[in-house]
Each structure stands twice: as C-alpha cells, then as structure tokens.
Amino acid sequence: MAKVLGQTTPLKIMAGIYKSGRLHHAYLFYGEEGVGKYESALNYAKVLLCERNNGTYCDECESCKMIDNYKHPDVVVAGTDERFRNAEIYFNQYLEYKLPHLFNNFYTECRSILYKVESMLFDSYDNYPSSEPKEYMLGNKKESSRYALIEPYYLAVNYTLNELNEDNVEFIDSIFRTKSKDALNIVKAKGGKKKYSIDGDFFTALKKIHYNIIHTVIPLDTIRNIIEMTYRKPRLGRKRVVIIEGIELMDKRAPNIFLRTLEEPSDNNIFILITSDTNKLVQDGMKPLISRMMELRFSSLSENTLRSILMKRLRLSEEKTALALQYSSGSMSKAIKYLLDKKSNTSDNIREVLLSFIDASLKNNASKVSSIITLLSEGEYDIIDTIRELINILKKSLEDKYLEIEERSYILPNSVSDISIIWAIDELDSLINTLLNTNSQPKMILYKALSNIYIWLNNY
C-alpha cells in the first residue's frame with residue numbers, strides 16, 4: 001500500500017495518538033471521495049499490527065503483507081467501493097510502463113474484491129476444515145442465489161491471480177480462459193441442475209463479481225457479523241481493526257444495533273468508519289453513533305499532490321495529467337474515473353502485444369507465441385486494427401533503417417532482408433482487403449497470418 005500524500009494533518013494526529021499510547025476505540029474519517037481515507041485506514045491497521053511494533057509499518061513482515069493482500073484475520077473490511085476501476089487503470093498503466101508497484105497495486109485491488117466475496121460467502125470460515133479447499137464453501141448456497149451465480153467467475157479470477165506475475169500479466173486473458181475451464185469443472189462436479197458458463201475476459205468476470213457484491217446499502221447482516229466477531233479475541237495481532245467504508249450507506253436499522261458496541265468498547269477492537277458524504281450522517285440514529293467517535297477530516301488534494309501521484313506513481317504524460325486534473329475536483333478517484341471513461345483500446349496496447357509477439361518469434365519462444373496469437377485472435381482486439389498495426393511496425397522498421405535512426409522502438413535483425421519485410425507487408429495488406437470485401441472469418445485469417453509471421457521470423 002502506497003504512502004498517502006496530501007493529508008499531513010490527520011496523519012500527524014493519528015501518529016501522535018499512537019505514540020501517546022491512548023488509542024481511541026473508534027474513529028470517523030470524513031472528506032471527499034478519493035483523498036486517501038481508506039488507504040490511511042489500512043495503513044493505520046498496519047501500524048497497529050506490524051510485527052516490528054515501532055510506531056510505523058515496515059511493509060515487509062508477514063502481518064503487513066497479509067493486510068496488503070486482504071488476508072489478515074484481524075483486519076475486517078466492509079462497505080462499498082469502486083476498486084474495480086482502480087484495478088483497470090493500474091493494469092493498463094503497468095502494461096505501458098512495466099513498473100513493479102503498478103502491478104502490485106493492480107493485484108491488491110483485485111484481491112480486495114475477492115476478499116469481499118470471501119467475507120460475504122464464507123459464513124463459517126473460522127470453523128471450516130483447513131484440509132478442504134476454501135472454494136468448496138460456496139457450494140452450500142442455493143443454486144438460485146446470486147452467490148451461486150458468481151461462483152464460477154470467482155473461482156476463475158482467483159485461479160488466474162494465483163498464476164499471475166509480472167512476466168505473464170500481459171497474457172492475462174489467455175491464463176483466464178484456461179483457468180475458467182478448471183473453475184467450471186469444480187462447479188459442475190458439485191452436481192445440481194443449473195448449467196454454468198463463464199463469458200468474457202478477465203475484467204468482464206471481475207466486473208461481474210464486483211457489481212454483484214457491492215451494495216447500495218451495507219446490509220444489516222454485515223453489521224451483525226462484525227459485532228459478533230468483536231466478542232472474540234484477535235487471532236494473530238494485538239488488536240482487531242474493523243474498517244467500515246461508506247457508513248452513510250448502512251441499513252437504517254444498523255446504527256442502533258452498532259451503537260451498543262461503541263458504548264461498551266473492548267480493548268481488543270479499533271473501529272475506523274469512513275464517509276464521503278457527511279450530509280447523510282444527520283439522519284436519525286446516526287448522531288449518537290458519530291458522538292462516540294473521534295472525527296478526523298481529510299481535505300481535498302492539492303493540484304500539486306494530484307500531479308505528483310498521476311505523473312510519478314501512475315507515470316501519466318503531462319498531457320493526460322493536465323486533462324485529469326481538470327476533472328478531479330481535488331479527488332484522485334474522480335481523476336481516475338475520467339481517465340477510464342476516456343480510455344480506449346488504442347493502437348498503443350495492440351502495439352505492445354505485437355512487439356512482444358515479434359520478440360518471442362525471433363527467440364523461438366513457441367509457448368509465448370501461442371499465447372499471444374490466442375490473445376489477439378480470441379480477445380477483444382479489432383482484427384483489422386491489429387493487422388494494420390503490424391504493418392505499421394514493419395514499415396517503421398524499414399524507415400528507421402534507411403534514415404539511420406539510432407533509438408527505435410523496435411529493430412528487426414539485419415539478417416531479415418528488406419525484400420522479405422516488403423513481402424510480409426504486401427501479404428498483410430492483401431488480408432485487410434480480403435476482410436473488407438468478403439465474408440471470411442476474421443479470427444481464422446488473423447490466426448493464420450500470425451502463424452505465418454512466426455514461421456517467417458523464426459528462420460532468422
């Protein structure tokens with residue numbers, strides 16, 4: 001979890017409280033969406049539970065790592081969120097810049113969504129036999145329930161993340177398709193009359209999971225489960241940290257039920273409640289709840305802070321950063337939403353995939369070539385745009401060669417003759433004419449074209 005920027009005042013207050021040894025049992029973090037409230041809550045949980053116990057967090061011990069991966073048994077997270085959008089932008093930024101922290105952020109956002117599935121579906125998690133695969137717990141639900149409907153998607157995404165790393169993330173959809181078969185086999189093995197299927201790519205599945213578990217209100221059962229959990233001792237750490245995001249969205253009955261827990265606090269539990277809309281906290285039942293908490297205001301982020309995050313962490317260009325800042329209103333999440341809404345599957349992404357394909361072909365990496373061909377022919381890429389981009393790469397290689405440009409995005413070996421490159425360009429160009437003027441099968445044509453390119457480059 002990255003350090004929160006632009007919130008010096010609330011973070012200094014939290015640090016002072018920790019150093020004094022007089023921890024408050026409940027905090028209210030409030031402020032605009034996307035200014036670091038949730039991240040600050042998680043970071044404070046790491047401070048409280050870090051194995052080094054020195055007033056900060058190390059991000060290296062087992063406790064810190066479990067919190068980052070949403071796997072710590074003493075950190076309970078509930079609420080609503082839009083982390084699906086964050087996962088998308090971190091993924092696309094990693095493909096573009098190949099920075100390890102972007103991959104880690106993407107992976108963490110995906111795991112946080114799955115964590116919500118687990119916390120909602122695995123009712124008897126604490127007592128479930130460790131010898132049994134955790135995913136089988138979903139099978140106890142009725143076939144008609146939404147939990148049963150998202151089960152195959154949850155398994156496929158989970159299995160994909162288990163296999164994913166920085167080296168193979170660009171082939172995420174190929175991995176997802178393979179793991180989808182494993183997921184369906186597990187679901188079908190449980191029996192039942194319902195026929196299950198998994199449609200779309202990795203992000204389609206992640207989105208389906210996300211929008212099936214995110215509520216317009218935080219259910220009453222969720223609050224009851226949290227209250228019941230607070231009666232137990234922490235399993236690993238010195239404290240249990242309960243983070244509830246979007247408390248203004250709690251079921252109307254929840255505040256009264258939750259009030260007694262805050263009135264009679266246990267030394268074992270720290271509550272951090274988060275809201276982005278204080279106007280909704282004036283409703284009946286909320287006022288007594290708020291009065292039991294220490295309030296910390298998180299201000300809107302300055303333009304310099306937002307620019308630093310967008311350019312240094314996300315590595316956006318000055319042009320994209322300037323556009324995002326216009327629509328941010330001091331909120332990182334609003335800036336990200338704008339970027340995602342304006343994001344298109346342009347030639348930049350296709351180009352990177354094709355360059356990887358050419359590199360793998362020259363190195364005779366058959367397995368990688370096969371994965372890329374499957375990705376391009378079976379994925380969401382436009383077939384004609386893909387072929388045109390491949391033509392552009394080959395043409396650019398010839399142009400750079402004769403213009404004697406030293407720094408090129410890609411250079412074919414000198415052993416690849418100009419005549420053969422021109423031949424490949426003509427062949428690809430004729431395929432585009434075929435696709436535009438006939439009722440041929442685009443995917444099959446692209447598959448054959450890429451296979452021929454692989455054979456051609458493999459000879460060099």
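Which residues have the most contacts inside the largest nonpolar core? Select Phe106, Phe202 and Ile272, because these three hold that place in a core of 77 residues. Keep in mind throughout that this is a predicted model.

**The whole chain**

Show everything first. The protein chain has 19 helices and five strands. It runs to 460 residues, and buried residues make up 49% of them. Now think about how the contacts span the sequence. Take contacts between residues at least 6 apart in sequence: 75% of them join residues at least 24 apart.

**The core of 77 residues**

Go back to the largest nonpolar core. Which helix gives the most to this core? Select helix H5, residues 100-121. H5 supplies nine residues.

Next, colour two domains. Domain 1 covers 6-83 + 217-295, and domain 2 covers 301-343.

Zoom in on Phe106. Leave aside neighbours within four places in sequence. Phe106 is then in contact with Ala87, Tyr90, Phe91, Leu164, Val169, Ile172, Phe202 and Phe203. Phe202 in that list is also one of the residues with the most contacts inside the core.

Select Glu109. This residue is found in helix H5. Is Glu109 buried or exposed? Its relative accessible area is 11%, and the cut-off for buried is under 20%, so Glu109 counts as buried. Not counting residues up to four places away in sequence, Glu109 touches Arg83, Asn86, Ala87 and Tyr90. Ala87 and Tyr90 are also contacts of Phe106.

Move along to Leu114, also found in helix H5. Leu114 is buried, at 0% relative accessibility. Show its partners beyond the neighbours within four places in sequence: Tyr154, Val157, Asn158, Leu161 and Ile209. Pick Val157 and draw a distance. Leu114 and Val157 are 43 residues apart along the chain, and their C-alpha atoms are separated by 8.4 Å.

**Helices H9 and H10**

Select helix H9, residues 220-230, with helix H10, residues 254-263. They pack at an angle of about 10°, with their axes 10 Å apart. Why are they called roughly parallel? Angles under 35 degrees count that way, so H9 is roughly parallel to H10.

Show the side chains where they meet. From H9 come Leu220, Ile223, Arg224, Ile227 and Thr230. From H10 come Ala254, Ile257, Phe258 and Thr261. By class, this contact has six nonpolar, two polar and one charged residues.

**Helices H18 and H19**

Now select helix H18, residues 418-437, and helix H19, residues 442-458. Their axes are 11 Å apart, and the packing angle is about 175°. H18 and H19 are therefore roughly antiparallel to each other.

Which residues make the contact? On H18, pick Ser420, Ile421, Trp423, Ala424, Leu428, Leu431, Thr434 and Leu435. On H19, pick Pro442, Ile445, Ala449, Ile453 and Trp456. The residues divide into eleven nonpolar, two polar and no charged.

Ile453 is buried, with a relative accessible area of 5%. Not counting residues up to four places away in sequence, Ile453 touches Phe357, Leu390, Ala424 and Leu428. Draw a line to Phe357.

End with backbone angles. Most residues other than glycine have a negative phi. Two residues to check here have a positive value.

Select Asp59, in the loop between helix H2 (37-49) and helix H3 (62-68). Its phi is near 65°. Asp59 is partly exposed, with a relative accessible area of 32%.

Last, select Ser329. This residue lies in the loop between helix H13 (318-326) and helix H14 (332-342). Phi of Ser329 is near 55°, again positive. Ser329 is exposed, with a relative accessible area of 53%.

Definitions and conventions
Residues are numbered from 1 along each chain as its sequence is written. This is a predicted model: local features need pLDDT of at least 70, side-chain atom pairs count only at pLDDT 80 or more; totals for chains, interfaces and linings use all residues. Side-chain values use heavy atoms; hydrogens and water are left out. Axes are lines fitted to C-alpha atoms, for helices over the stretch in contact, and angles run from 0 to 180 degrees between N-to-C directions. Helices (H or I, at least four residues) and strands (E, at least two) are DSSP runs, numbered from the N terminus. Angles under 35 degrees count as roughly parallel, over 145 as roughly antiparallel, 65 to 115 as roughly perpendicular and the rest as oblique. Contact means heavy atoms within 4.5 Å. Ala, Val, Leu, Ile, Met, Phe, Trp, Tyr, Cys and Pro count as nonpolar, Asp, Glu, Lys and Arg as charged, and the others, Gly among them, as polar. A nonpolar core is a set of buried Ala, Val, Leu, Ile, Met, Phe, Trp, Tyr and Cys residues joined through side-chain atoms within 4.5 Å. Buried means under 20% relative accessible area, exposed over 50%, partly exposed in between (1.4 Å probe, protein chains only). Domain bounds come from an automatic or database domain assignment.
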